[in-house]
Amino acid sequence: MSERVVRSSAVSSTMTERRLARVALTWLTEPGTRSVHRLVDQLGPIATLDLLLDGGAPDRALRSLVVARSAGGDARAVAEHALARTERLGARVVTPEDDEWPIRVEHLRQLVLPGAERRVDLETAPPLCFWVRGAWPLGEAFDRSVAVVGARAATSYGTHVATELGYGLADRGWTVVSGGAFGIDSAAHRGALTADGITIAVLACGVDRPYPSGNAALFDRIAETGLLVSEWLPGADPLRPRFLIRNRVIAAGTLGTVLVEAAARSGATQTLNRAIGVSRPGMVVPGPVTSAMSVGAHELLREQPKARLVTGVAHVLEEVGRIGDDLAPPIRAPERLRDRLDDEAVQVLEALPRRKTLALESVAARAGVDLRTAMRKLSMLEELAMVVRRDDGYALAPPPEKGGPPKAGP
């Protein structure tokens, strides 16, 4: 066996051990744990796993967690079983050592949420690894992506808006990222799929565990053309805290987050706050002030100075797109002929009563202009079919007949 083959085999073995260690650490400690992430940075995943299993965790809470999880099985054996199950599923494990790692999630190192007290708000470190179902390279799919999140109990208004956003973004070549839940998430995913675009569902359970089960067919469609992504081992249950933990990935992995409907207490608002916390655009679609499903969204607009109000795809692309290339067109009312008149012409036109004819002198007096100006402006207005000249003076032209040209004379 040549030296090159031996060296290649050794490198491959080391990569496999690192991958195994990252999977074991993910099972042994919940994703996002900052102390574990710091140890991996300092020691590497293999040495960190050895340290924790030997009782060397840097704090009491982590030591207790490792002891509790270890009572349920051997971490390395669990990881080996998870990797074998991953392969049988046709899925894969992606780690920071892989070329397809989505580099933007590393910005979670700097995420600090004001007033954070709960574990899910404090433990927001980058992932140790991802489980992925789908053919797209993970980093490439995330590279040009926008998150669309919101209420599960969405209204028809919210569902319509989320579908339009998902379709419009995907139709313009953007990946649509959401959490796979009922309501806004599902609508955004389906909109992207209808446009034959890429969509990513970031799950709070194993990639083989359709949750909610009512979206099983949707998840299969996403896996065929986009990606299912999770930080949890295959078969992992969708526990309530995990939804909040995974939200940080949606926020950091994308170029911006759009919130469509959120009640007063909503995990979707936390996703938006995490996006703003890692310097991503946080966007909010306004809703009816009478809707309970818009309370959380409107409060974010009031309380979060960096949140931006958006009403459609054009506004979203202006926030996340290239400077100068993705500006939303200004909203203008349809131009009327009257809008092109100068001030004196408007004065003369306004001087004419709705149902009477006025002599030239009376028009000039009422408009506050001299006779020459009044005559010149009336002549122009007559050419524009806005005024008609009669034997006894001038009058407003009658409105045009439907489907026909404006009347130019009496």
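Biologist: Why does Cys129 count as buried?

Modeller: Cys129 has a relative accessibility of 1%. Buried stands for under 20% relative accessible area, exposed for over 50% and partly exposed for what lies in between, with a 1.4 Å probe and protein chains only. The value for Cys129 falls under the buried cut-off, so the word applies. Before we go on: this is a predicted model, where local features need pLDDT of at least 70 and side-chain atom pairs count only at pLDDT 80 or more, while totals for chains, interfaces and linings use all residues. Residues are numbered from 1 along each chain as its sequence is written, and side-chain values use heavy atoms, leaving out hydrogens and water.

Biologist: How do you know whether Cys129 is in a disulfide or in none?

Modeller: A disulfide is a pair of cysteine sulfur atoms within 2.5 Å. For Cys129, the nearest cysteine sulfur belongs to Cys205 and is 15 Å away, and Cys129 is in no disulfide. A search of the whole structure gives 0 disulfides.

Biologist: Is Cys205 buried or exposed, and what makes it so?

Modeller: Cys205 has 2% relative accessibility, so it counts as buried.

Biologist: Let us turn to helices. Why are α8 and α14 called oblique to each other?

Modeller: Helix α8 covers residues 156-171 and helix α14 residues 313-320, and they pack at an angle of about 55 degrees, with axes 10 Å apart. Helices (H or I, at least four residues) and strands (E, at least two) are DSSP runs numbered from the N terminus. Axes are lines fitted to C-alpha atoms, for helices over the stretch in contact, and angles between N-to-C directions run from 0 to 180 degrees. Under 35 degrees is roughly parallel, over 145 roughly antiparallel, 65 to 115 roughly perpendicular, and the rest oblique. The angle of about 55 degrees belongs to the rest, and α8 and α14 are therefore oblique.

Biologist: Which hand does the crossing of α8 and α14 have, and who makes the contact?

Modeller: The crossing is right-handed. That word is used if the near helix is turned clockwise from the far one by less than a right angle, and left-handed if anticlockwise. The contact (heavy atoms within 4.5 Å) involves Glu164, Leu165, Gly168 and Leu169 from α8, together with Val313, Val316 and Leu317 from α14. By class, there are 5 nonpolar, 1 polar and 1 charged residues in this contact. Nonpolar covers Ala, Val, Leu, Ile, Met, Phe, Trp, Tyr, Cys and Pro, charged covers Asp, Glu, Lys and Arg, and polar covers the others, Gly among them.

Biologist: What makes α2 oblique to α3?

Modeller: Helix α2 (residues 34-43) packs with helix α3 (residues 45-53) at about 125 degrees, and their axes are 7 Å apart. That angle makes the pair oblique. The crossing is right-handed here too. Val36, Leu39, Val40 and Leu43 of α2 meet Pro45, Ala47, Thr48, Leu51 and Leu52 of α3. The classes come to 8 nonpolar, 1 polar and no charged residues.

Biologist: Why is Met380 called partly exposed?

Modeller: Met380 has 28% relative accessibility, so it takes the in-between label. You will find Met380 in helix α17 (residues 371-383). Leaving aside neighbours within four places in sequence, Met380 is in contact with Leu341 and Ala345. Met380 and Leu341 are 39 residues apart along the chain, with C-alpha atoms separated by 9.8 Å.

Biologist: Are Glu261 and Ser279 buried or exposed, and how do you know?

Modeller: Glu261 counts as buried because its relative accessibility is 2%. Ser279 is exposed because its relative accessible area is 67%.

Biologist: How do you know whether the bond from Tyr211 to Pro212 is cis or trans?

Modeller: Omega is near 0 degrees, and the peptide bond is cis. Pro212 sits in the loop between β5 (199-203) and α10 (216-225).
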